Each structure stands twice: as C-alpha cells, then as structure tokens.
Amino acid sequence: MFFNIAPSAPRNVKIQEKSATSLLVTWKPPEYPNGIIQRYRIHYSNNSGKNYSTTYITKGLKNETLFYVVSDLKEDTVYRIYVSLVPCFYCLVHACTYN
C-alpha cells in the first residue's frame with residue numbers, strides 16, 4: 001500500500017520590491033502539510049544562477065501568512081526566488097510506520 005506523505009507546496013507566493021536592494025517575499029502554508037513543517041527554505045540567485053544563497057525560516061511557522069526580506073541584493077539585477085518547505089521527516093516516518 002502506498003501513502004502520499006509529501007506535503008503540497010507553499011501557496012500564494014508573492015514578491016514585492018521593498019527597496020532598490022531588497023525584496024519582501026510572502027507566502028501562505030501549504031493546503032496539505034501532511035505533518036509538521038520543520039522550516040521553510042528560501043533560495044535565491046541572480047539570473048545567471050551563479051550567485052545564490054539559501055536561508056531557513058524557523059519562526060512563526062504556524063502563522064497564516066509568512067514572510068522574509070531578501071536584502072543586500074545588487075541593483076538592476078534579475079533574481080530567481082524559490083520558497084519550499086522542509087517537513088519533519090521523523091514525523092513522516094513515524095506516521096507511516098505506526099498509523
């Protein structure tokens with residue numbers, strides 16, 4: 001028997017310019033978290049993909065809307081920003097094994 005234990009993606013991801021060198025990223029939790037969300041991962045890079053950074057959000061995980069300010073960006077540069085979540089794998093394995 002197969003159980004789908006993967007969570008759905010964060011919803012309503014929006015990006016707003018906060019200043020010439022910072023962006024405000026907001027999102028809502030996934031519709032189907034399928035367990036406990038341990039943290040969110042914000043990954044961003046310039047358009048070439050060479051200069052990238054990853055940060056993890058661990059506070060306010062139960063809020064209806066979450067946010068992060070990406071700062072120290074280079075002016076007049078296109079960035080790619082990804083928001084993903086990191087589920088509690090122990091919780092997923094435990095639920096799959098014992099439920």
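A residue counts as buried when its relative accessible area is under 20%. Keep that cut-off in mind. One more thing before we start: this is a predicted model.

First, the overall layout. The protein has one helix and six strands. From the N terminus, the order is β-β-β-β-β-β-α. Of the 99 residues, 27% are buried. The exposed surface comes to about 7,100 Å². Carbon and sulfur atoms supply 52% of that surface.

Now contacts along the chain. Take those between residues at least 6 apart in sequence. Of these, 63% join residues at least 24 apart.

Next, the sheet. Strands pair through backbone hydrogen bonds, either parallel or antiparallel. Which order do the three strands of the open sheet take? The order is β4-β3-β6, and the pairing is antiparallel. β4, residues 52-57, and β6, residues 79-87, stand at the edges. Each has a single partner strand, so one side of each is left without a neighbour in the sheet. Neighbouring strands here are turned by 20° against each other on average, direction ignored.

Look at β3, residues 37-46. Six bridges join β3 to β4. Within this pairing, H43 stands opposite T54 in β4.

Last stop: S22. This residue is in strand β2, which covers residues 22-28. Is S22 buried or exposed? Its relative accessible area is 10%. The cut-off is under 20%, so S22 is buried. What does its side chain touch through a polar contact? The side chain of S19, at 2.8 Å. Leaving aside neighbours within four places in sequence, S22 contacts E17, V69, V70, S71 and L73.

Terms used
Residues are numbered from 1 along each chain as its sequence is written. This is a predicted model: local features need pLDDT of at least 70, side-chain atom pairs count only at pLDDT 80 or more; totals for chains, interfaces and linings use all residues. Side-chain values use heavy atoms; hydrogens and water are left out. Helices (H or I, at least four residues) and strands (E, at least two) are DSSP runs, numbered from the N terminus. Buried means under 20% relative accessible area, exposed over 50%, partly exposed in between (1.4 Å probe, protein chains only). Contact means heavy atoms within 4.5 Å. Accessible areas come from the Shrake-Rupley method with a 1.4 Å probe; for residues, only the protein chains shown count as cover. A polar contact is a pair of N or O atoms within 3.5 Å; within protein, one must be able to donate a hydrogen and the other to accept it, and residues adjacent in sequence count only if both atoms are side-chain atoms. Two strands pair if DSSP finds at least two bridges between them. Axes are lines fitted to C-alpha atoms, for helices over the stretch in contact, and angles run from 0 to 180 degrees between N-to-C directions.
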